[in-house]
Every structure is written in structure tokens, then in C-alpha cells.
Amino acid sequence: QLNKKLTLSSSFKTAPNIGLIKYWGKWNEREIIPLNTNIGVTLNPKDIFTTTTLTLNPDTDKNQLLINGKDFHISSRIERLFGIFREQILQSKQFASNKYKNSPSDKPLGQVIPDIEKYGIRVESNNSFPTGSGLASSSSGLSALALCLQDILKTDIDVRYLSRIGSGSACRCLYGNLVLFPGVQLQNLDKSDPETISLESKRCLPYEIQSSKWLKDKVSIVILTDTHQGQKDVLSKDGMKLTWETSKLIQGRVRQYVEQHINELQLALEKQDFNKVMEIIIKDSNQFHATCMDTYPPLLYLNDFSRQVIKMVHIFNRNAKHIVGYTFDAGAHAVLLIHNDELQSFKKFLSEAENLFTKSKYIIPSQQFWTSIGEG
Ligand code: 2P0
């Protein structure tokens with residue numbers, strides 16, 4: 001929060017959350033309720049982050065979104081968030097004014113500035129890492145925006161919900177360590193029943209997996225980026241829709257295998273079995289990309305760079321005491337999870353074998369690549 005007096009501006013810094021058991025497909029598009037439960041890891045905002053500032057501008061009623069300094073189209077989802085924001089402000093005007101007698105600083109904005117709903121909303125978001133290229137920039141961007149909106153509103157609107165309806169994976173950024181985002185309870189629930197949708201919407205909110213805390217002292221997360229990769233051709237939201245329209249594999253994955261991966265991962269976390277955790281995330285990433293390949297036309301997020309990393313990791317793992325894990329989002333960049341004891345030898349191995357470490361632009365070795373809720 002930048003300006004305590006008027007609260008016309010709010011700023012948050014968040015880190016992306018990278019899927020480890022991948023989310024791909026929606027049961028409800030508007031509420032962003034996933035077809036499968038998924039798990040992601042939140043990176044450390046000290047190393048890789050989005051900073052978002054929301055300002056209410058009395059000089060215009062136009063909204064504006066700037067990403068990395070450039071004007072950006074305001075999507076229907078962001079419009080919806082702005083709509084909810086304005087609705088909340090209008091509602092807050094009707095609260096009994098004596099409710100805030102004891103803490104006037106907590107007064108809702110609508111009561112402090114009477115014509116606030118006419119102010120333009122300006123959002124400025126900057127990423128310290130490549131945008132829209134498979135490093136989950138929308139997750140950090142939309143969670144930071146949700147935190148700004150909630151901060152300014154001062155109502156008890158659920159920031160997990162605000163983040164989720166901005167972008168599904170964004171709600172996973174609100175917690176540190178490994179975060180579970182529940183998907184729809186049963187695939188065959190009535191999609192058109194408003195009560196069912198409302199119940200699922202309230203249930204499908206993220207939480208931190210408590211049994212994942214031990215991992216942070218053991219693992220370094222290293223991102224190897226493919227310097228040739230620009231923005232992805234097919235956005236995740238369009239890609240997942242196409243997969244569900246055309247792939248048969250995704251049906252099997254979601255009906256059976258994702259749940260197995262979730263259960264196995266939770267068990268391995270409880271047992272603190274590092275090797276098993278790495279094995280499951282590798283397999284889930286590969287299975288997810290198999291469904292991308294099974295999409296028609298195929299979603300080719302992995303490329304030669306990615307395959308080279310995969311090959312190298314498996315060669316290294318033949319001798320490694322602690323298996324190195326990899327995962328790929330909807331893009332070619334590799335996110336590697338490496339046991340701290342293995343970090344130096346893995347770096348040496350890669351630089352000798354294929355020079356991948358020196359070829360990649362972002363090498364982010366960090367012992368503490370973890371965070372809790374975004375920093376205000
Ligand atoms: C994940 N991804 O679990 C998966 C794996 C990308 C690959 O979550 O439509 O940008 O905004 O809810 O959150 C990307 O999906 O999609 C994603 P929307 P989102 O991380």
C-alpha cells in the first residue's frame with residue numbers, strides 16, 4: 001500500500017507459481033473452476049517477480065493497463081474484475097456509516113471519496129522475467145492485481161476468488177511452498193445449475209500443502225530459458241480449450257492419472273521422499289505435454305532446447321543420489337528442481353555436456369526460492 005491517507009494507489013509484488021501437477025481445462029469458464037485438482041510451487045519474489053501498481057485516477061473515467069511500459073488490451077476477465085471492484089464500492093456506500101466509528105482508517109473507499117466509482121483504474125505491471133512465454137507471468141500478474149484491488153476495497157471479498165477469476169493459476173501464487181488448487185469434485189456435476197456452480201466456486205480455493213515445507217531447505221529451483229523463444233503462439237486459456245475439444249488422452253489423464261499423481265505426491269511429501277517427489281513431477285510434466293501433442297493441431301510448447309534439457313537431466317539422474325526434477329509450463333523454458341547437495345555437480349555436468357548453463361539467459365540458482373503471500 002503506497003498511500004495510506006487516501007488509498008488511491010496500491011502496489012504488490014508477487015512471484016509466479018509453476019504447475020507441478022498441471023492444471024489444463026476448465027469445468028466452468030467464467031468462474032475458472034478447473035477440471036482437475038492441481039499443485040504448483042511458488043517461486044521466490046526476490047529472484048523473479050511481478051510488481052503491479054493500481055491507481056485510481058480522478059481525471060479520467062477510462063481504464064488503462066500497462067505491461068512492461070506498453071499499453072495492453074484489457075481482457076474481458078480484467079474488465080470483470082474492475083466491474084466487481086466498482087460494484088463493491090457502490091455496495092460499501094450503503095453500509096451503515098457507524099460501522100466504522102472505531103476505526104475510521106478502515107472506512108471503505110466509497111465513504112471516503114463519494115464519486116470514486118467515476119475514477120479511471122490504471123494498472124501498471126512489470127515483470128522481471130520474460131512475459132507470456134511459459135513462465136507463468138499471468139499467475140503473478142493477476143494475483144498482484146487481485147491483492148491491489150482487495151487492499152483498496154477494504155471489504156472482506158476473498159482475494160483467492162479475485163485471483164482465480166483473473167487467471168486460474170494466479171490463486172496458487174497467494175501462498176508459499178507447494179500449493180494445491182482443487183478442481184471440480186465430480187466431472188459429471190450439472191454444469192448449468194447455478195447452485196452447483198456456486199458451491200464448487202466456494203470449494204475450489206487454493207491452500208498451502210503443509211507437508212511440503214521441508215522441501216524448501218533441500219531444493220534449489222533453477223530456470224533455464226531458451227533465449228530464442230518469444231511469446232507463445234497459443235495462450236494457455238486457448239490451448240486448454242483446444243485440448244479438451246480434440247484430445248482423447250486428456251480424458252484419461254483427468255479421469256484417472258492426475259488424481260493418482262496428486263495422491264502419490266502428497267504421500268511422498270509426507271514421507272519426505274525427495275526422489276519420489278521429483279519422479280512424480282517429471283512424469284506429470286511429460287504426461288501433460290503428451291496431451292498437448294495429442295491436441296489437434298498439436299500444441300508444440302516443448303522444442304529442441306527443452307528436449308535437450310530433458311535428455312541431460314535423465315543422463316545425470318542415472319548417477320545422481322537425489323534425482324533432479326524438471327517441469328515445463330506452456331512454453332520451452334525448463335524449471336529444474338535440484339537437491340542442494342547435487343547443485344554444483346549438476347551445473348558442472350551441464351556446462352561440460354551441452355553448455356546449457358552458459359547458453360541460457362536466465363540462470364537463477366537460489367537456495368531459498370520460496371515465498372509466502374505477496375509482499376505489499
Ligand atoms: C499449470 N498452466 O498448472 C498449467 C500448466 C500452464 C501449463 O496454469 O485460463 O494461465 O488463465 O486459468 O492459469 C496456465 O493456465 O490459465 C497454467 P487461465 P492459466 O500451471
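Strand S5 (residues 38–42) is largely enclosed by the rest of the structure, because five of its five residues are buried. Buried means under 20% relative accessible area, with a 1.4 Å probe and protein chains only. Strands here are DSSP runs of E of at least two residues, and helices are runs of H or I of at least four, numbered from the N terminus. This is a predicted model: local features need pLDDT of at least 70, side-chain atom pairs count only at pLDDT 80 or more, and totals for chains, interfaces and linings use all residues. Residues are numbered from 1 along each chain as its sequence is written, and side-chain values use heavy atoms, with hydrogens and water left out.

On one side of S5, Asn38, Gly40 and Thr42 are buried, and on the other Ile39 and Val41 are. S5 pairs (at least two DSSP bridges) in the antiparallel sense with strand S2 (residues 17–21) over four bridges. Its pairing with strand S10 (residues 178–181) is also antiparallel, over four bridges. Isoleucine 39 stands opposite isoleucine 21 and opposite leucine 180 in S10.

| Residue | Protein atom | Distance to a ligand oxygen atom |
|---|---|---|
| Lysine 26 | side-chain N or O | 2.7 Å |
| Glycine 168 | polar backbone atom | 2.8 Å |
| Glycine 19 | backbone N or O | 3.5 Å |

Taken alone, the ligand exposes 470 Å², of which the protein buries 95%; accessible areas come from the Shrake-Rupley method with a 1.4 Å probe.

Terms used. Buried < 20%, exposed > 50% of the residue type's maximum accessible area, 1.4 Å probe, protein only. Polar contact = N/O pair within 3.5 Å; in protein donor to acceptor, adjacent residues only side chain to side chain.
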